[in-house]
Amino acid sequence: MRLPRREEGKKREMFDNDADRKLREAMVADQLAGRGISDPRVLAAMREVSRAEFVPEEIRARAYDDGALPIECDQTISQPLIVAMMTAALALRGTERVLEVGTGSGYQAAVLSRLAGEVVTIERHEPLHRTAAARLRSLGCDNVLALLGDGTRGCPERAPYDGILVTAATAAVPPALLEQLADGGRLVIPLGDADSQELTLFERHGDRCRRRMLTRCRFVPLIAEAR
Ligand code: SAM
């Protein structure tokens, strides 16, 4: 894995204009608060981060659609409601170290960067990794470390993690991720096959994990490198 250069700077919004802000506020009110997302910190973070910044230019007019959208490499940026549910399930207070597997556009990482102390995000597609890392840098998300590689191995160098989000679907939790989850930590992952998945929350207590289903969902597959 390659470590990117990190730059100092204040988080800023590139699409900081009235029209985009109004669309974000409507998204938060209608798609999130209106559907049961109640954590004020999560709502504030999603009000702050412009989703328009993270979608391809040719579909920017659909940036606040209530659904997943296509990005490069045949991947997707997740539905805002799913981003909010996954983030809220981590119950972040601001000091945690969080691992995201599946950087994609970088949108989820930008939201997490406002809510956690440090975010490590891993993407397997180099073009996505490069674009997202540059975006996150230009937006001043200095507490995000974007890595290129197979996220099913986690990033043991920075472990343990208080929170882990896996934003691609798999049949079972990759063992390395459970090993890198801190005691008391939370891991959210879509479990299932291509047609039927359940977004699942694991809470680690010592050697045991409590498991809870959050909602049905549909993610692109988690692809592990052959070992
Ligand atoms: N969180 C992303 C965002 O905010 O745009 C959306 C992620 S998209 C639904 C899932 C991503 O997981 C894709 O970009 C895909 O390439 C990536 N992925 C799949 N398997 C992976 C793996 N083993 N390691 C790292 N990334 C992986």
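Where is the place of A91? I looked it up in this model, which is predicted, and found A91 in the loop between α3 and β3 (97-101).

I read a positive phi of about 50° at A91, although A91 is not a glycine. I noted its relative accessibility as 37%, so A91 counts as partly exposed. I then turned to C73, which lies in the loop between β1 and β2. C73 has a positive phi of about 60° and is likewise not a glycine.

**Entry: peptide bond at P160**

I checked the bond that joins A159 and P160 and found a cis peptide bond, with omega about 5°. I located P160 in the loop between β5 and β6 (161-166). As background, I noted that most peptide bonds are trans.

**Entry: helix α2**

I next examined α2, residues 40-48. Its N-terminal end is capped by D39, a side-chain oxygen of which lies 2.9 Å from the backbone nitrogen of R41. I listed V42, L43, A45 and M46 as the buried residues of α2. They cover an arc of only 165° around the axis, and therefore sit on the same side of α2. I followed their packing to α1 (18-32), α3 (80-89) and α4.

**Entry: helix α5**

I traced α5 over 13 residues and noted 18 Å from its first C-alpha to its last, close to the 18 Å expected at 1.5 Å a residue. Its buried residues are L128, H129, A132, A133, R135 and L136. Because these span an arc of only 165° around the axis, I placed them on the same side of α5. Their packing partners are β1 (69-71), β2 (75-77), α4 (107-113), β4 (118-123) and β5 (144-148). Just after α5, I found G140 with a positive phi of about 75°.

**Entry: R135**

Which residues is R135 in contact with, leaving aside its neighbours within four places in sequence? I found E53, F54 and S105. R135 itself belongs to α5, residues 126-138. I noted that R135 is buried yet has no salt bridge. The nearest side chain of opposite charge is E53, at 5.1 Å.

Technical notes:
Residues numbered from 1 in each chain as written. Predicted model: local features only at pLDDT ≥ 70, side-chain atom pairs only at ≥ 80, totals over all residues. Heavy atoms only, no water. Helix = DSSP H or I, 4+ residues; strand = E, 2+ residues; numbered from the N terminus. Buried < 20%, exposed > 50% of the residue type's maximum accessible area, 1.4 Å probe, protein only. Lys, Arg positive; Asp, Glu negative; His and termini not counted. Salt bridge = Lys/Arg side-chain N within 4 Å of Asp/Glu carboxyl O. Contact = heavy atoms within 4.5 Å. Expected span 1.5 Å × (residues − 1). Arc of directions from axis to C-beta. Polar contact = N/O pair within 3.5 Å; in protein donor to acceptor, adjacent residues only side chain to side chain.
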